Amino acid sequence: MKKVAKLLLWIGILVALALPAFAETRRISWDPVATYTDGTPIEAGKTVTYSAYWTTDPGLGFLRTIGTSFATTSTTFNPDVQGMTRGGTVYFTAKAVLSTGEESALSPGYAWVVPPSTTPPASTTPPATKPPPAAPTGGMIIKK
């Protein structure tokens, strides 16, 4: 059985920061696969989809899925939703899957340091209690 095209080569991670109110979206992209590992073109009529993963293991163990069955060569993700540790290093990898079910090996890992959060941390200080209202002024005090 032919092996699916050359491993996906990470030309780079295109990191585009969108600044919505409380979300951080990043984009990862890769080169399209058009040949088998021996250089033979993938036959007409076969479609290629991609699956993208991340891990904290440089050996690409314990992969966490970003997404599968992408027809495009990029996807977006939110580091916090994915569970990535801020300041930690993660490794991205991907594989190509032909419509016939043939799969490529995983691409080499691409290291990325997850940047610090762009949103301020929530305050852990309890809200201050309000003092009681002031006594009315100009009133009469009656003493015994």
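## Ground rules

The model is predicted, so local features need pLDDT of at least 70 and side-chain atom pairs count only at pLDDT 80 or more, while totals for chains, interfaces and linings use all residues. Residues are numbered from 1 along each chain as its sequence is written, and side-chain values use heavy atoms, with hydrogens and water left out.

## The sheet

Start with the strands. A strand here is a DSSP run of E with at least two residues, and a helix is a run of H or I with at least four; both are numbered from the N terminus. Four strands build an open sheet, and their order is β3-β2-β5-β6. The pairing is antiparallel. Two strands count as paired if DSSP finds at least two bridges between them. At the edges sit β3 and β6 (110–113), and each pairs on one side only. From one strand to the next, the twist averages 20°. Such angles are taken between N-to-C directions, on a scale from 0 to 180 degrees, with axes fitted as lines to C-alpha atoms (for helices, over the stretch in contact). As a general point, strands of a sheet pair through backbone hydrogen bonds, either parallel or antiparallel.

Now look at the partners of β2. With β5, strand β2 pairs in the antiparallel sense over eight bridges. Tyr 50 faces Ala 96 of β5, and Ser 51 stands opposite Lys 95 of β5.

How many residues of β2 are buried? Seven of its eight residues are, so the strand is mostly covered; buried means under 20% relative accessible area, exposed means over 50%, and partly exposed lies in between (1.4 Å probe, protein chains only).

## The nonpolar core

The largest nonpolar core has 19 residues. A nonpolar core is a set of buried Ala, Val, Leu, Ile, Met, Phe, Trp, Tyr and Cys residues joined through side-chain atoms within 4.5 Å. Which members touch the most other members? They are Val 48, Tyr 50, Phe 77, Met 84, Val 90, Phe 92 and Trp 112. Strands β2 (48–55), β3 (64–70) and β5 each supply at least two residues of this core. In soluble globular proteins, nonpolar side chains tend to be buried together.

## Charged pairs

The whole structure holds six salt bridges. A salt bridge is a side-chain nitrogen of Lys or Arg within 4 Å of a carboxyl oxygen of Asp or Glu. Side chains of opposite charge can pair when their charged atoms come close.

One of the bridges joins Lys 95 and Glu 103, at 2.8 Å from N to O. Lys 95 belongs to strand β5 (residues 89–98). Is Lys 95 buried or exposed? Lys 95 counts as buried because its relative accessibility is 16%. Glu 103 counts as partly exposed, at 43%. Another bridge links Glu 43 and Lys 46, at 3.2 Å from N to O. Glu 43 is partly exposed, with a relative accessible area of 33%. Lys 46 is partly exposed too, with 26%.

Arg 26 and Glu 24 form a further bridge, with their closest N and O atoms 2.7 Å apart. Both residues are buried. They also belong to a network of salt bridges that links Glu 24, Arg 26, Asp 80 and Arg 86.

Most residues other than glycine have a negative phi, and most peptide bonds are trans. Leu 60 is not a glycine, yet its phi is positive, at about 65°. Leu 60 lies in the loop between β2 and β3. Its relative accessibility is 17%, so Leu 60 counts as buried.

Ser 69 also has a positive phi, at about 60°, and is not a glycine. Ser 69 sits in strand β3. Its relative accessible area is 54%, so Ser 69 is exposed.

Where does Val 81 lie? Val 81 is in helix α1 (residues 79–82). Val 81 is exposed because its relative accessible area is 70%. Val 81 and Ala 23 are 58 residues apart in sequence. In space, the C-alpha atoms of Val 81 and Ala 23 are 9.1 Å apart.
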